[in-house]
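Thanks for coming. I have one model to go through this morning, so please look at the screen while I talk.

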Amino acid sequence: MECREAQRCVQAFLKDELDRRTAEKFVEHVQDCDECMEELTIEYLLLEGISRLENADDIDVRSELEEKLDRVRHRKKMYSRLKTGLFLLVCIIACIYILGGI
Ligand SMILES: [Zn+2]
């Protein structure tokens, strides 16, 4: 994903409106791109920060944003594990079938 595209995705990402694939690409990009990470941080601060300021809560935007990014990374890991699991299952069923078990 390029910076221009990533920056277009910022708002949608923060509102959880990106589809899984786009969200993953987006997270991969901002991890390595300081400029887009800064853009994301600013947008997040604007979106979340203002309402919190009114409530006078502590704002730890950076770590909250990290959590949000982590959730996407974690989900990606889960999906690839699931895919591997399914593949193994299909292999086992195929083996049983080929060996004449069923
Ligand atoms: Zn970028």
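Predicted model: local features only at pLDDT ≥ 70, side-chain atom pairs only at ≥ 80, totals over all residues.

A definition to begin with: the expected span of a helix is 1.5 Å times one less than its number of residues. Keep that in mind for helix α4, residues 61-98.

α4 has 38 residues, and from its first C-alpha to its last it reaches 56 Å, close to the 56 Å expected at 1.5 Å a residue. How many of the 38 residues of α4 are buried? The count is zero, and α4 is hardly covered. After α4 comes G100, with a positive phi near 85 degrees.

Now the chain as a whole. The secondary structure amounts to four helices and zero strands, and the order from the N terminus is α-α-α-α. The chain has 102 residues, and buried residues make up 10% of them. If we take contacts between residues at least 6 apart in sequence, 53% of these join residues at least 24 apart.

Next, the helix pair at the start of the numbering. In general, two packed helices are described by the angle between their axes and the distance between the axes. Here the pair is α1, residues 3-14, and α2, residues 20-32. Their axes come within 10 Å and cross at roughly 120 degrees. Angles of 65 to 115 degrees would count as roughly perpendicular; α1 and α2 are therefore oblique to each other. The crossing of α1 past α2 is left-handed.

Which residues make the contact? From α1 they are A6, C9 and F13, and from α2 they are T22, A23, F26, H29 and V30. Sorted by class, the contact of α1 with α2 has six nonpolar residues, two polar ones and no charged ones.

One more residue of α1 is A12. Its C-alpha atom is separated by 9.2 Å from that of A23, eleven residues away along the chain. Leaving aside neighbours within four places in sequence, A12 is in contact with E17 and L18. A12 counts as partly exposed, with 14 C-beta neighbours inside 10 Å.

Last, the loop between α1 and α2, which holds D16. D16 is not a glycine, yet its phi is positive, near 55 degrees. Is D16 buried or exposed? D16 has 10 other C-beta atoms within 10 Å, and 12 or fewer counts as exposed, so D16 is exposed.

That is what I have; questions are welcome.

Definitions and conventions:
Residues numbered from 1 in each chain as written. Axes fitted to C-alpha atoms, helices over the stretch in contact; angles between N-to-C directions. Helix = DSSP H or I, 4+ residues; strand = E, 2+ residues; numbered from the N terminus. Parallel < 35°, antiparallel > 145°, perpendicular 65-115°, else oblique. Left-handed = near helix turned anticlockwise from the far one by under 90°. Contact = placed C-beta atoms within 7 Å. Nonpolar A, V, L, I, M, F, W, Y, C, P; charged D, E, K, R; others polar. Buried ≥ 20, exposed ≤ 12 C-beta atoms within 10 Å, placed from the backbone.
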